[in-house]
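Me: I want to learn how to read this model. Take me through it one feature at a time.

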Amino acid sequence: MLSEASDALLSVDAIAKRFGGVVALGGVSFAFGSSAIVGLIGPNGSGKTTLLNIINGVYAPDSGDIRINGATTVGWRPSALATGGVSRTFQTARVFQTLTVRQNLFIPLLHHGRMARSAAARRADELLAFVGLADFADHTASELSGGQQRLLEFARALVTRPRLVLMDEPFAGVHPTIKGQLIRCIRETVGRESTSFLIVSHEVPDLVRIADFMLCLVEGKVAASGTPAAVVRDETVVEGYLGRG
Ligand SMILES: Nc1ncnc2c1ncn2[C@@H]1O[C@H](COP(=O)(O)OP(=O)(O)OP(=O)(O)O)[C@@H](O)[C@H]1O
Ligand SMILES: [Mg+2]
């Protein structure tokens, strides 16, 4: 456990999930509080994306419980979880390609934030300045590089002022400059808003650099958890993941 379950922002309790004969998650438990950056590592197929999909309501678990600030969220849809403070970014960045960069934020701000047009426009520009995309506000999103699209997706995840952001492979294939920008934005969001981040990544050195805590899944189970330094030295992690390939 990374935090006492009683005061946890996110509490994952004995979560199990099968797909036909495949056990994707075999009883996963952990918890953490606010203002935390938590890294989630593990080999391909170890259940990382499935776990994010269960936390944000894409899949229902077969058994176990998910609690946000102590309230169970099992059975909630992703849209209800988004309103309840859980945002998500994806293994392939999801942005509206044909809209402008500003509209990608303005439209969700109008809908989710139920803001007046002028307030939504102001907040969209603030978010674009924050992620370093102000100069691209009037470009269509499809003109952005893959890394810039991740910055835009990150800004969109902040529209609901989330308590928890789940990120799936945010650093994969991203230019080091943009990766640095993304890391700065994550850290500043933790500092300003006390938001927590659960970040899945195969880029273990990047995660070790930014995470306060780390978890390693191997074959759907938590093989190790604790400080990043301890987890990457753990024998099960080295044998089950880092030592492979
Ligand atoms: N919708 C699905 N239907 C059937 N099997 C699935 C489904 N989603 C995941 N799985 C299986 O569950 C297991 C865990 O997959 P998951 O995508 O969670 O792994 P992962 O740790 O995210 O892997 P990667 O590092 O490659 O992204 C795998 O065996 C996968 O094939
Ligand atoms: Mg995955």
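Me: Which residues are buried in helix 1?

Reply: Two housekeeping points come before that. This is a predicted model: local features need pLDDT of at least 70, side-chain atom pairs count only at pLDDT 80 or more, and totals for chains, interfaces and linings use all residues. Residues are numbered from 1 along each chain as its sequence is written, and chains are lettered from A and ligands numbered from 1 in the order in which they are written.

Now the burial test. A residue is buried if 20 or more other C-beta atoms, placed from the backbone, lie within 10 Å of its own, exposed if 12 or fewer, and partly exposed in between. Helices are DSSP runs of H or I with at least four residues, strands are E runs of at least two, and both are numbered from the N terminus. In helix 1, K48, T50, L51, L52, N53, I54 and I55 are buried. That is seven of its eight residues, so helix 1 is mostly covered. Just after helix 1, G57 takes a positive phi of about 80°.

Me: Where does G220 lie?

Reply: G220 is in the loop between strand 9 (213-218) and strand 10 (221-226). It is buried, with 23 other C-beta atoms within 10 Å. Contact requires C-beta atoms, placed from the backbone, within 7 Å. Not counting residues up to four places away in sequence, G220 touches V23, A24, L25, G26, S46 and G47. G220 and V28 are 192 residues apart in sequence, yet 7.4 Å apart in space, C-alpha to C-alpha.

Me: At what angle do the axes of helix 4 and helix 5 cross?

Reply: Two packed helices are described by the angle and the distance between their axes. The axes of helix 4 (residues 117-131) and helix 5 (residues 146-157) come within 10 Å and cross at roughly 135°. The contact is made by L127, L128, F130 and V131 of helix 4 and L151, F154 and A155 of helix 5. By class, this contact has seven nonpolar, no polar and no charged residues.

Technical notes:
Axes fitted to C-alpha atoms, helices over the stretch in contact; angles between N-to-C directions. Contact = placed C-beta atoms within 7 Å. Nonpolar A, V, L, I, M, F, W, Y, C, P; charged D, E, K, R; others polar.
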